[in-house]
Amino acid sequence: PDGSSRIAAIWDQTERSGTPPEGFLYGSEYRKEVIDDALVSQRPERIVPSKDTNGHGTFIASVAAGNEMPQMDFSGAAPYAQIAMVKLKEAKENLREFYFVPEDATVYQENDIMTGIQYLVELAERLKLPLVLCLALGSNQGDHMGYTPLDLTLQRLDTVPGIVCVTAAGNEAGKAHHYLGDVTGYTQPASVEILV
């Protein structure tokens, strides 16, 4: 209501014009004071050049913490929460080629995701606030058994008081990456088709 932002901080891993967060080696961090200065500026992009280029992060932030808008019958899940975000840099080209990632797909590296998580955990500790970590992205990599480095990181965080991890599920809709059907009995083999 006073024109200031509820964004406590942004770490844009893609932006190189600013200063990385303390203890991190890349990207640019923008804290609330700087974001508030940008909001009253005639050219806010000169102060905080970070931008959501595909709209997914903005959409997720509105669902999680959007302002109450009674006239539109809308409210985010936590409309008074402070927001912190990490804009991930896209995966390196050699990894995209190695994993046969289509050119039009948006894909990130697991180490950058885990580094972003570490940043948010440290920020929450510094601000002395609880953290709901929302990861609105998914993967077909790994065994889906909870043993990838990212899986293990999230499992460890789920044991830390004041931190809750929320991850996306079902974003792939009808892409048929997985098997749907019944495999019955334990003695007869069954053939299933999995599109990869």
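Trainee: What do the buried residues of α6 pack against?

Mentor: In this predicted model, the buried residues of α6 pack against α5, β4 and β5. Those buried residues are L150, T153, L154 and L157.

Trainee: How do you know that they are on the same side of α6?

Mentor: Look at the arc around the axis: they cover only 95°, so they sit on the same side of α6.

Trainee: Which residues does L157 touch?

Mentor: Leaving out residues up to four places away in sequence, L157 touches I117, V121, L133, I163 and C165.

Trainee: What makes L157 stand out in the largest nonpolar core?

Mentor: That core has 19 residues, and L157 is one of those that touch the most other members, along with I117, Y119, L131, L133 and L154. The elements giving two or more residues to this core are β1 (7–12), α5 (110–127), β4 (131–135), α6 (149–157) and β5 (163–167). Of these, α5 gives the most, with 7 residues.

Trainee: How many residues are in the second core?

Mentor: That one is separate and has 8 residues, including I7, I35, A65 and I83.

Trainee: Okay, now the surface. Why is F98 called exposed?

Mentor: Exposed means over 50% relative accessible area. F98 has 59%, so F98 counts as exposed. You'll find F98 in helix α4 (residues 93–98).

Trainee: Which residues form a nonpolar patch with F98?

Mentor: L95 and Y99 do. Together with F98, they have about 320 Å² of accessible area on the surface.

Notes
Residues numbered from 1 in each chain as written. Predicted model: local features only at pLDDT ≥ 70, side-chain atom pairs only at ≥ 80, totals over all residues. Heavy atoms only, no water. Core = buried A, V, L, I, M, F, W, Y, C linked by side-chain atoms within 4.5 Å. Buried < 20%, exposed > 50% of the residue type's maximum accessible area, 1.4 Å probe, protein only. Helix = DSSP H or I, 4+ residues; strand = E, 2+ residues; numbered from the N terminus. Contact = heavy atoms within 4.5 Å. Patch = residues over 30% accessible without salt bridge, like charges linked within 9 Å, V, L, I, M, F, W, Y side chains within 5 Å. Areas by Shrake-Rupley, 256 points an atom, 1.4 Å probe, with all protein chains shown as cover. Salt bridge = Lys/Arg side-chain N within 4 Å of Asp/Glu carboxyl O. Arc of directions from axis to C-beta.
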